[in-house]
Every structure is written in C-alpha cells, then in structure tokens.
Amino acid sequence: RQMCIRDRYQRRVHGDFTNRRTDKWGGSIENRCRFCLEVVDQLIAVFGPGRVGVRFSPVGRYNDMYDNDPIATYSYLIQQLDQRNIAYVHFLEPDENYKLNKNSPYFKQADLQIPSCVDAFRKLFRGAFIDNVEYSAEKAEQTISSGRADLIAFGRLFISNPDLVERFANEWPLTQPLEEYFYTQGPKGYIDYPTYEAVSYTHLTLPTIYSVQISVVAVSVKKK
C-alpha cells in the first residue's frame with residue numbers, strides 16, 4: 001500500500017500569494033515548503049520512503065491559489081524530496097482550465113509560468129516521475145520512450161472510458177467526458193459510460209439478430 005499526498009492544501013501553503021503567514025511556515029521558499037516536507041517525513045517514518053509519493057499541480061488555479069515563481073518553489077521542493085528517496089512525484093501539466101487571460105492584472109497565465117512540468121522538473125528527481133493532463137496514447141508513448149517521464153496518468157478519460165486500456169490497445173475511438181457533470185452528486189457522468197464493445201453491440205440491428213436466431217432454429221429442426 002502506498003501513501004500519496006495530494007496538492008490542493010499544499011498549494012495554499014506553497015504559493016506566496018496565498019500563504020501570508022509570518023511564522024516558520026511562511027515567507028521564504030524553505031518555510032513555505034516546510035509543511036509538505038514535515039508531512040512526508042512523518043509518512044516515511046511509518047511506511048518507508050518506497051511507499052510515499054507526492055502529487056503536485058504547480059500552476060493549478062483554484063480560487064486565489066497562486067505562486068509568483070513556481071519554478072523556484074518546486075525546484076527546491078523536488079530536490080528535497082529527491083534527497084528523501086520517495087517512490088515518485090506526480091505532476092499535473094497546465095491545461096485549458098488553468099490558463100488565465102494574458103491581460104489579467106493579477107496572475108500570469110499558467111503555461112507561461114511553466115510550459116512543461118516534465119521538462120522543468122524531471123531532471124531534479126531520480127525516482128519515478130509521473131506526468132498527467134492532456135495526454136493521448138501516442139503522446140504518452142512518446143514521452144515515456146524518450147525518457148522524459150516514467151509513467152503517464154489518465155484521469156478524465158478513465159471516467160468516460162472504463163475500458164481505456166483496451167481502447168488504446170485496439171485503437172478504438174474514445175468517448176469524451178461530459179464536463180457539466182464534474183464535481184456533481186449522483187452517478188450521472190461518472191459510472192454510466194459504456195464500454196466500446198457494449199456500444200458496438202447496441203448498434204446491431206434487430207433484423208440481423210432475428211435472422212441468426214431463425215437460422216439456428218431451422219438447423220435444429222433438420223437434425224431432428
């Protein structure tokens with residue numbers, strides 16, 4: 001069993017725009033990263049470094065979470081985690097939801113801060129590097145084969161394609177998720193997506209099904 005630390009609360013602490021503390025957990029990069037490292041150290045003491053991983057979204061935008069220099073902040077943090085020999089780090093790349101208006105007077109656009117997390121941080125970490133967001137099967141294979149990342153994670157496409165692995169392997173078309181159901185209650189848009197084979201089966205016409213059934217009955221009658 002592995003323990004993974006997710007990043008939403010971390011971003012509140014890491015970002016200099018959000019973290020306004022004046023104690024040992026605020027101010028400098030070292031102080032703002034202290035919380036994450038203290039949690040990791042506690043987990044390592046219980047589970048060992050090989051069962052601990054951390055997930056980051058350096059340019060994630062949620063409410064007013066923001067860091068003016070995420071490259072500096074996360075470079076320090078990743079190097080500290082590398083020294084602790086944890087199992088993996090997992091990064092979310094900037095996507096359309098994280099790209100703010102270039103003319104925003106408050107925040108710099110996410111992909112202008114860090115165009116590529118894997119290019120910015122892979123070289124700083126010797127353990128497994130997992131990358132995520134806006135990957136196709138082809139792009140994932142290219143990224144792994146080039147050594148830029150060790151693993152690629154898929155989230156949204158797994159929701160709308162419960163047979164995602166089989167679809168990749170057979171080059172079947174993908175079903176795009178219905179984003180209007182994200183973060184809503186109930187099963188709609190989460191567990192009601194069919195597999196590709198189930199969709200293909202429903203496309204069979206009734207006359208075809210009946211002709212097969214009649215043919216089988218006719219053969220059975222002849223044998224008697």
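Buried residues are those under 20% relative accessible area, exposed residues those over 50%, and partly exposed residues those in between (1.4 Å probe, protein chains only). By this criterion F91, at 0% relative accessibility, counts as buried. The model is predicted: local features need pLDDT of at least 70, side-chain atom pairs count only at pLDDT 80 or more, and totals for chains, interfaces and linings use all residues. Residues are numbered from 1 along each chain as its sequence is written, and side-chain values use heavy atoms, with hydrogens and water left out.

Helices (H or I, at least four residues) and strands (E, at least two) are DSSP runs, numbered from the N terminus. Two strands pair if DSSP finds at least two bridges between them. Strand β3 covers residues 88-92. It pairs with β2 in the parallel sense, over four bridges. V54 has V89 in β3 as its bridge partner. β3 also pairs with strand β4 (residues 128-132), again in the parallel sense, over five bridges. Here H90 stands opposite I130 in β4.

β3 is mostly covered, with five of its five residues buried. Y88, H90 and L92 point one way from the strand. V89 and F91 point the other way. In a regular strand the side chains alternate between the two faces of the sheet.

Aromatic contacts were then examined. Rings of Phe, Tyr and Trp (its six-membered ring) pair if their centres lie within 6.5 Å; planes under 30 degrees apart count as stacked, over 60 as edge-to-face and the rest as tilted. A search of the whole structure finds seven aromatic pairs. One of these joins F56 and F91, with centres 5.5 Å apart and 40° between the planes, a tilted arrangement. The pair links distant parts of the chain. F56 lies in strand β2 (residues 52-56) and F91 in β3, 35 residues apart. F56 is buried, with a relative accessible area of 0%.

F91 also pairs with F121. The ring centres are 5.0 Å apart and the planes lie at 15°, so this pair is stacked. It too links distant parts of the chain: F91 is in β3 and F121 in helix α6 (residues 117-121), 30 residues apart. Both F91 and F121 are buried. F56, F91 and F121 belong to one aromatic cluster, together with Y74 and F129.

Two further tyrosines were considered. Y66 sits in the loop between β2 and α4 (70-83). At 5% relative accessibility, Y66 counts as buried. Y66 and N19 are 47 residues apart in sequence, yet their C-alpha atoms are 9.2 Å apart in space. A charge sits over a ring if NZ of Lys or CZ of Arg is within 6 Å of the ring centre and within 35 degrees of the ring normal. K139 lies over the face of Y135 in this way, at 4.7 Å from the ring centre.

Helix α3 spans residues 34-47. The expected span of a helix is 1.5 Å times one less than its number of residues. For the 14 residues of α3 this gives 20 Å, and the end C-alpha atoms are 20 Å apart, which agrees. The buried residues of α3 are C36, L37, V40, L43 and I44. Seen down the axis, they fall within an arc of 125° (taken from the directions from the helix axis to the C-beta atoms), so they line one face of the helix. The face turned away from this buried side carries the exposed residues Q42, A45 and V46. Just after α3, G48 takes a positive phi of about 90°.
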